[in-house]
Amino acid sequence: YTAADITCLKLGETKVEITVGNKPSTTNKKPGFQRRSVLVFCSEPAKISKIDIQTSNQGSQFKKPIGNPKTGRIMVYSYRDFKLVTTVKDKEGRTFDNTSSLQFRYTFSDDSMAKVGKPQIVTSYPTQEVSSIELPFKNSQVIYPNGIKGDLDVQVAISGYKADVLKSVGVEVAPDIPQPPEAFEDMEDYDYDDEGELIVSDNHGVAEEISLTLAVDAELEMIYDDKRYLQNSN
């Protein structure tokens with residue numbers, strides 16, 4: 001296996017050609033080699049396509065977050081921290097492989113119910129094939145509930161670029177990025193396509209909201225019991 005680090009310095013796309021082969025020697029004047037080309041896209045973030053909710057340090061006795069079909073909200077524990085894992089795409093629908101230069105902002109509908117944890121420390125993971133080759137994680141943020149039951153809305157927004165990350169690769173001036181909309185404002189003025197996806201506009205920034213219910217064990221168990229009952233009855 002071989003790998004190369006590619007760093008985006010400005011917006012656009014480019015072709016990266018990777019050639020692997022033996023060096024010429026006295027016994028091998030014309031060694032064989034293989035050549036492959038890869039397109040690299042350096043894009044602006046256009047939308048948050050998905051926010052996964054994961055219970056931190058989850059054991060078998062704790063349930064995964066589950067949707068409540070009656071309310072349309074996702075139920076999580078009111079006393080256990082959880083992670084929000086964000087998927088970002090560009091305007092062409094391509095998923096960002098690395099979001100380490102983006103600044104994410106988290107806003108709660110009720111600040112008394114939860115708080116934002118420290119930024120993630122481990123930002124990459126080793127590949128199965130070669131442990132020395134690491135790939136970046138998606139952006140992940142720990143949220144700490146305060147033990148209060150009830151509904152909680154969360155807005156995840158991209159508020160700009162991290163100047164220190166850009167400077168570390170030689171970019172002195174961060175590009176301008178549209179500011180995200182105010183949290184929990186009326187979304188009726190936004191345009192959507194036939195599949196319900198937000199139509200990306202240059203006039204507003206990137207944000208997505210999720211609706212949660214912070215609950216205790218018995219309340220999550222009730223939703224899981226209802227789900228199992230429906231599955232067995234079918």
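Biologist: Why does Cys-8 count as partly exposed?
Modeller: Its relative accessibility is 37%. Buried means under 20% relative accessible area, exposed over 50%, and partly exposed in between (1.4 Å probe, protein chains only), so Cys-8 counts as partly exposed. This is a predicted model, where local features need pLDDT of at least 70 and side-chain atom pairs pLDDT 80 or more, while totals for chains, interfaces and linings use all residues. Residues are numbered from 1 along each chain as its sequence is written, and side-chain values use heavy atoms, with hydrogens and water left out.

Biologist: What does Cys-42 count as, buried or exposed?
Modeller: Cys-42 has 13% relative accessibility, so it counts as buried.

Biologist: How do you know that a disulfide joins Cys-8 to Cys-42?
Modeller: A disulfide is a pair of cysteine sulfur atoms within 2.5 Å. From S to S, Cys-8 and Cys-42 are 2.0 Å apart, so the pair meets the definition. The pair links distant parts of the chain, 34 residues apart: Cys-8 is in the segment before strand 1 (12–21) and Cys-42 is in strand 2 (residues 33–42). Strands are DSSP runs of E, at least two residues long, numbered from the N terminus.

Biologist: What makes the disulfide of Cys-8 and Cys-42 left-handed?
Modeller: The torsion about its S-S bond is about -80°, so the disulfide is left-handed.

Biologist: Why is Thr-213 called buried?
Modeller: Its relative accessible area is 15%, so Thr-213 is buried. Thr-213 lies in strand 13 (residues 206–215).

Biologist: What makes a polar contact with the side chain of Thr-213?
Modeller: The side chain of Asp-151 does, at 2.8 Å. A polar contact is a pair of N or O atoms within 3.5 Å; within protein, one must be able to donate a hydrogen and the other to accept it, and residues adjacent in sequence count only if both atoms are side-chain atoms.

Biologist: Which residues of the largest nonpolar core touch the most other members?
Modeller: They are Phe-82, Leu-84, Val-154, Val-156 and Ile-158, in a core of 27 residues. A nonpolar core is a set of buried Ala, Val, Leu, Ile, Met, Phe, Trp, Tyr and Cys residues joined through side-chain atoms within 4.5 Å. The largest share of this core, five residues, comes from strand 12. Apart from this core lies another, of eight residues, among them Tyr-77 and Leu-220.

Note on methods: Helix = DSSP H or I, 4+ residues; strand = E, 2+ residues; numbered from the N terminus.
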